[in-house]
Structures are given as C-alpha cells and as structure tokens.
Amino acid sequence: MRKYAIYLGILATASLPACLQSTTAAQAADANTADVNGQTDTASGDTSTGPVVWQTNPVNAPTAMHLTWQHDPATTVTVQWTTAATDLKGYTPKAWFDTKANAGADGAKMTFSAAQTATGAGELYYQSLVAGDTTGPQYLTWTVELTGLTPDTDYVLRAGTWSDYKNGAFIQPDLTQEVMTFHTAPKKGTRQPVKVVLAGDSRGGNALITANADRLAAIGAAFWVFNGDFTDMGLQEQWDAWFLAMHPILNGAPLMPVQGNHEVFPPMYYGQFALPVNAGVPDNYTEHAWSMNYANIHVVGLDSTSAAAASDQAAWLDADLTAARADADIDWIVVAMHYPAYSACTNHGSTAWVQKYWVPLFEKHNVDLVFAGHDHNYERTWPWVNNNKAAKGPVYVVAGGFFADGYTNGSDIWTATSTHGNKHNYVVMTVNDKKLDFTAYSGDGATTLDQYSIQK
Ligand SMILES: [Fe+2]
C-alpha cells in the first residue's frame, strides 16, 4: 500500500550540481510512478531502472547519526541512525563515502560510485527490560558498515534511508545533507600518537553537553569511550536528546560504549549501538563484552552491571587478555566498564563482583588502565596489585561525571588522588609508542584535575 507521497521536491533543483539537475528533472517527471515503499508502480507500467536521485521525507529523515566500530578500525567504520518511521519494508539504508582529500571537508566535491557506496539493514528494537521481548514500543535503527577503507585517512560520508523503487538502480545522496567525518585508525601495531577521550555518566545533563560539545569535539580525539549511564532511564526521547546534544562530538569520532545501570531498557541501548562481536563471548553477552585493537592499543568493553554478568564474561575476558598480551603489536591494554572496581566515593563505592571476577584477571595480564564511571566524581588509584600499592600494575580510574549531578568524593587505601572537582569531568588519554599520558579535566575544561603517565 502506498503510504507516502514521494518528496523529490524537497531538494531545490537549482542547488544541485549540473550533473544531478538533469536526473532530478527526469525523475520529477516520473515521480507519480514511484511508490516510496520500494515498489515499481505497475499501474503506470514504469519498469525503468534509473538513474535515480535521492528521495526522502520527514519521517525517514536520519537523526541520531553516530559512528562505531564492529571490525578493524583501520579499514571499517559503522554509521547508524534512527528515523521517526519504523516501517522497514522497501527501505534501504545507504552510505556514500569519499576521502576528505577528494571531497573536501564539507563533502562538496564528493564523488559517487558503487565502490564508494555501502548498504546495510534496518533493525527494530523495543522498549523492554529483557532481550527478545517485542511487546514494548518499537523503534528502528539503520546500520551501514563501510569496509575496504584506507588506514590512517580522513573520510567524509553521507547516509540515509532510501526507497530504491528502481530496483537496484544507483541512487545518489542528498548533497545538502551534512557530511559526517571520521578518521580511520593506523594499521594495527602502528606506533604513533593516538588521542582518546574517556567519559561517562550524562544522566540528562544534555544542556551542559551542548554548552561544551564544540570545545570537546575540537579535542580531535580518534575515538571516544563512554562508560554508560547516557540518560536517566533510556526512554527514546531521552536517547534522542542525548544524541542531539552529542552531535558535534559524534560527527567526527566513533564512540565505543559500555552499558550502565541507567540503560534501564537494555534492548534500546544494544539496538542503537553496533559493536564488535568477539568470538568466545557467551551468546547472551554479545556486544555486552567486546574488544578491538586500535594501533598499539587493545581496548576492552565490559558489562559490569551485575555479579552474574561479571561471572559470565570472565572466561572470555581471560582468553581475550591472554591473546592481547601475546600480541607483539599491542603495547597497551585499556578496559572500560561502568561499575568501578575501586571507588572511595560515598555514593556507591567499590564493586565486589568486579573485584571478585575481573580484578584477578587485570592483575594476571597486567592491564594498564581500568576506566569506570557510576560514581560522579574523579578518582585514581595507585598501581594496585593484591590489594596493595605496587611498583607497576593496573591503575583504576573513576571518571563518572560527564555532566550528571556530582557526588561527594572520598579516600581509601588505594586512593592516589580523589577530587570532587567542580562536579563534572572527562579524561583525555594520549598514547605515543611506549608512553601513555592521561589528563582529567573539569567538565568545562577550565581545571586540570589530574595528570598521570606510564612509561613502558
Ligand atoms: Fe551508574
């Protein structure tokens, strides 16, 4: 059934390059034959096969666009977005990409070919407390993975959800749409400076994110790690507001997340983030636990939200860390989770199940840094092994104040530094060959809360 009129008129023909104006005119004349659900209008007898220009309408306009990695960050990236419409039928998500050198920073000189086009799929997700329950309100995320990219290269992309009613004809994108930018990782094992931002716990602090987002985007991080508690409850309107506030940051850097306890509806969190599917992760923890290699850094994300989750991921974690430490390309291992192993904060404090199931593995494999959130202050431990200060060993950081309301900090035997700061915080980590530096800042960037370095 035809549900929507085609919206070829949205893009003014005069704004298009000459090469596309002719196709727009031809398509406009043909517009009444198109069914936006992807079917050739058999009533008119139209069986032509293109070329076809972009077509969209407000309910299919992409929102909440963001980037993650599912596979090698040197040669792939995944772009995702949502649409108001949750009708999968007849729609195809597509992304067009080009190097920034070719296309320009604004993508104005973007060229198009089949080799520079990627197609993905849409997937419904549900506001439910448990995976697999489809009784709650449904939403839709579109996911496209770009592959075959050149390492250590700036790219631009455009993406959207398209009705390919010409049945396979080449579709060109909306050239008025903002381009997304990203940089592919250097090849695994490359030893050159890499800058990463680690943060977590927004919990509805979107106005402050917005106030700081342009400055934070200008840090120029290769990617972000987000330690959970994005919103207060994880309702879709809260997710939409978070993605909107984060847009300046998300357009430029992939964000690799872990689940917090305020992702009250886990299927909505996992529905909106495509993450690595590592071999050996128990089936019901797919994407809850993940790892990837970026240059000479092995990054691990874990679901720390229950004792059962910690226990169930332990065998995979042990194997993953064993492999990473045996890899001559990897110098650094950084682990991200929501619940802290060690915290002297008076609100939540340390997490017994993280200490029981994972800390022995962090010590066994000499993990360099363990980042957590949950407590909304900043705290760093000494290198901490067997519940004692050590010359070297895992360093645990709590940085849970990405604009959620602040908590009161405390101090304990493991505490090297602890601060309430000005309530909010984030960490910038720089890895350069065998040296790792990180600096914790107040949320407004005005105050340095901590600086720490590790030399291999
Ligand atoms: Fe939390």
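Which residue stands opposite Val-79 in β2? Leu-67 does. This is a predicted model: local features need pLDDT of at least 70, side-chain atom pairs count only at pLDDT 80 or more, and totals for chains, interfaces and linings use all residues. Residues are numbered from 1 along each chain as its sequence is written. The chain holds eight helices and 23 strands. Helices (H or I, at least four residues) and strands (E, at least two) are DSSP runs, numbered from the N terminus.

**Confidence and overall build**

- The average pLDDT of the chain is 86, and 85% of the residues score at least 70. Residues 1–53 have a pLDDT below 50, and this stretch has 75 contacts in the model beyond near neighbours in sequence. pLDDT is the predictor's confidence in each residue, from 0 to 100.
- Of the 456 residues in the chain, 49% are buried. Buried means 20 or more other C-beta atoms within 10 Å of a residue's own, exposed means 12 or fewer, and partly exposed lies in between, with C-beta atoms placed from the backbone.
- Among contacts with a separation of 6 or more, 73% join residues 24 or more positions apart. Two residues are in contact if their C-beta atoms, placed from the backbone, lie within 7 Å.

- Strand β2 covers residues 77–82, and six of its six residues are buried.
- Val-77, Val-79 and Trp-81 point one way from β2. Thr-78, Gln-80 and Thr-82 point the other way.
- In a regular strand the side chains alternate between the two faces of the sheet.
- Strand β1 (residues 63–68) runs antiparallel to β2, joined by four bridges. Strands count as paired if DSSP finds at least two bridges between them.
- β2 also pairs with strand β6 (residues 138–146), antiparallel, over six bridges. There, Gln-80 stands opposite Thr-143.

**Helix α3**

- α3 spans residues 206–217, with Asn-206, Ile-209, Asn-212 and Leu-216 buried. Seen down the axis, these buried residues fall within an arc of 130 degrees, so they line one face of the helix. The arc is that of the directions from the helix axis to the C-beta atoms.
- On the other side of α3, Ala-207, Asp-214 and Arg-215 are exposed.
- The cover over the buried residues of α3 includes α4 (236–250).

**Helix α6**

- α6 (residues 307–325) has 19 residues. Its first and last C-alpha atoms are 26 Å apart, close to the 27 Å expected at 1.5 Å a residue. The expected span is 1.5 Å times one less than the number of residues.
- α6 bends by about 45 degrees at Ala-314. The bend is the angle between axes fitted to the seven residues ending there and the seven starting there.
- Buried residues in α6 include Ala-309, Gln-313, Trp-316 and Leu-321. Their cover includes β12 (290–294), β14 (332–336) and α8 (359–364).

**Loop residues**

- Most residues other than glycine have a negative phi.
- Asp-229, in the loop between β10 (223–226) and α4, has a positive phi near 60 degrees. Asp-229 is buried, with 25 other C-beta atoms within 10 Å.
- Ala-295, in the loop between β12 and β13, has a positive phi near 55 degrees. Ala-295 is buried, because 25 other C-beta atoms lie within 10 Å.
- Gly-393 lies in the loop between β18 (388–389) and β19 (395–399). Gly-393 is partly exposed, with 19 other C-beta atoms within 10 Å.
- The C-alpha atoms of Gly-393 and Asn-366 are separated by 5.7 Å, though 27 residues apart along the chain.
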